[in-house]
Amino acid sequence: MSAREIVEASLARIALVDPHVGAFTTVMADRALARASAVDDARRNGRELGPLAGVPFAVKNLFDLEGLVTRAGSLINRDDAPATRDATLVRRLEQAGAICVGALNMGEYAYDFTGENIHDGPSRNPHDLSRMSGGSSGGSASAVAGGLVPLALGSDTNGSIRVPASLCGLFGLKPTYGRLSRAGTFPFVTSFDHVGPLARSAADLALAYDAMQGADPDDPVCAERSSEPVRGALSKGADRLRIAVAGGFFAQGGEPEAFAAVARCAAALNVTGTIELPEAHRARAAAYLISASEGGALHLERLRTRAGDFDPATRDRLLAGAMLPAAWIMEAQRFRRWFADQLACVFQTTDILLAPATPCRAPSLGQTMMTVGGQMMGVRANLGLYTQPISFIGLPVVTVPIWTEGETLPIGVQIIGAPWREDHVLRVAASLQAIGTAQSPVAML
């Protein structure tokens, strides 16, 4: 097939399916077709093609796309001027031959775990259109799980790649904090924000991740590390990696299906050991405080002048965050350093930790309360129960999708590694996929 034929097929699938799933906010057909033609011209002329030549992808609408307003899921940002250039990761993927077909729905200002946006409508779970896609990268997950594109970019501050990957049955990568450039993306919590890909296989994650690596002076926290490709390491699988199940906080509070998924992965990998991460519940609490405070500070002027244009649920949490005492935030940051040091000790004797990605399968759209560990709790606040302590200290994680026979919805497991060891987490994900434990079928809409 030519690149143009592939892109045309993607655009046709979007036209057919997206009215049902609500993944896209903007489709950039003319741009995509022009770039597909350029790939085909290069191929005909014998020029070397990139590793992602002709692959359609789409991006959460907090990534800048030249000529398009970066909405960040909001009503307010629609008054901004269009972006004058693409975000760094968009440029790097297109330099590798991939073709951007548009921008994707998301939770307002990325402060969301549900995938429900009051301005653009919800992004729906393609496996059950009455269910949540997860957030805040809900459109990214809907687009990949629904077969609209094979690859999408999202962001992850407290779990916004891993939660949608879990609910929609995808592989999702949150790299080490500072590994991939955030230049040209709208921020939420600068000290937590990560960006990364969602796909239907570990190999696709690795291809995209390798293409996006590299230092970037336009992102002050992007690490000055040379590219460390991981695609070639996937064939090693989980051999010689020291793997344990995360216990304690990560083994309580969720529904049985969350722990059964972890147990299934552990059995497939012949893992029997358990490690309890100290004070993980405090890590989650501290992550909440820092997120609310930084988010509130970022949006303070908008809250003063355009409070009525926010989703009320987002507005109220940002207002509360803006009023948190500074002493609380200082204490949370001190604890953050302590927690990172404790995990560094854990990773001296362990390479990989297995933990649930979400406490349950996808809730219904509009659902505000759910049963978690036998207690009624808020959906929006608790879908990130197990992801927040990990974002808090910037560890690399791949979420893998687990399906249970007879169930129509998946649930994810986090594969957590030491800083800068994306190769380890992707190797384990590839191993689980190879033996059939983790899989990501396209939803048959």
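Ser-364 is found in the loop between β11 (352-356) and β12 (369-372), where strands (E, at least two residues) and helices (H or I, at least four) are DSSP runs numbered from the N terminus. The structure is a predicted model, in which local features need pLDDT of at least 70 and side-chain atom pairs count only at pLDDT 80 or more, whereas totals for chains, interfaces and linings use all residues. Residues are numbered from 1 along each chain as its sequence is written, and side-chain values use heavy atoms, with hydrogens and water left out.

With a relative accessible area of 27%, Ser-364 is partly exposed; buried denotes under 20% relative accessible area, exposed over 50%, and partly exposed the range in between (1.4 Å probe, protein chains only). Contacts of Ser-364 (heavy atoms within 4.5 Å) are made with Ser-130, Arg-131 and Met-132, residues up to four places away in sequence not being counted. A separation of 9.7 Å was computed between the C-alpha atoms of Ser-364 and Arg-124, which are 240 residues apart along the chain.

Rings of Phe, Tyr and Trp (its six-membered ring) pair if their centres lie within 6.5 Å; planes under 30 degrees apart count as stacked, over 60 as edge-to-face and the rest as tilted. For Phe-192 and Phe-392, the ring centres are 6.1 Å apart and the planes stand at 80°, so this pair is edge-to-face. Distant parts of the chain are linked by the pair: Phe-192 belongs to the loop between β7 (171-174) and β8 (194-199), and Phe-392 to the loop between α13 (388-391) and β14 (397-402), 200 residues apart. Phe-192 is buried at a relative accessible area of 0%, and Phe-392 is likewise buried, at 0%.

The pair formed by Phe-259 and Tyr-386 is also edge-to-face, because the centres are 6.5 Å apart and the planes at 65°. Here helix α7 (residues 256-268), which holds Phe-259, is linked to the loop between α12 (379-382) and α13, which holds Tyr-386, 127 residues apart. Phe-259 is partly exposed at 25% relative accessibility, whereas Tyr-386 is buried at 0%.

One aromatic cluster comprises Phe-192, Phe-335, Trp-338, Phe-339 and Phe-392. The charged end of Arg-336 sits over the ring of Phe-392, 5.8 Å from its centre; the criterion is NZ of Lys or CZ of Arg within 6 Å of the ring centre and within 35 degrees of the ring normal. Arg-317 lies over the face of Tyr-111, at 4.0 Å from the ring centre.

Residues touched by Val-400 include Leu-170, Cys-265, Ile-411 and Leu-432.

The disulfide count (cysteine sulfur atoms within 2.5 Å) is 0. The sulfur of Cys-100 is too far for a bond, because the closest cysteine sulfur, in Cys-168, is 19 Å away. For Cys-168, the closest cysteine sulfur is that of Cys-360 at 13 Å, again too far for a bond. Cys-100 is buried at 0% relative accessibility, and Cys-168 is buried at 0%.
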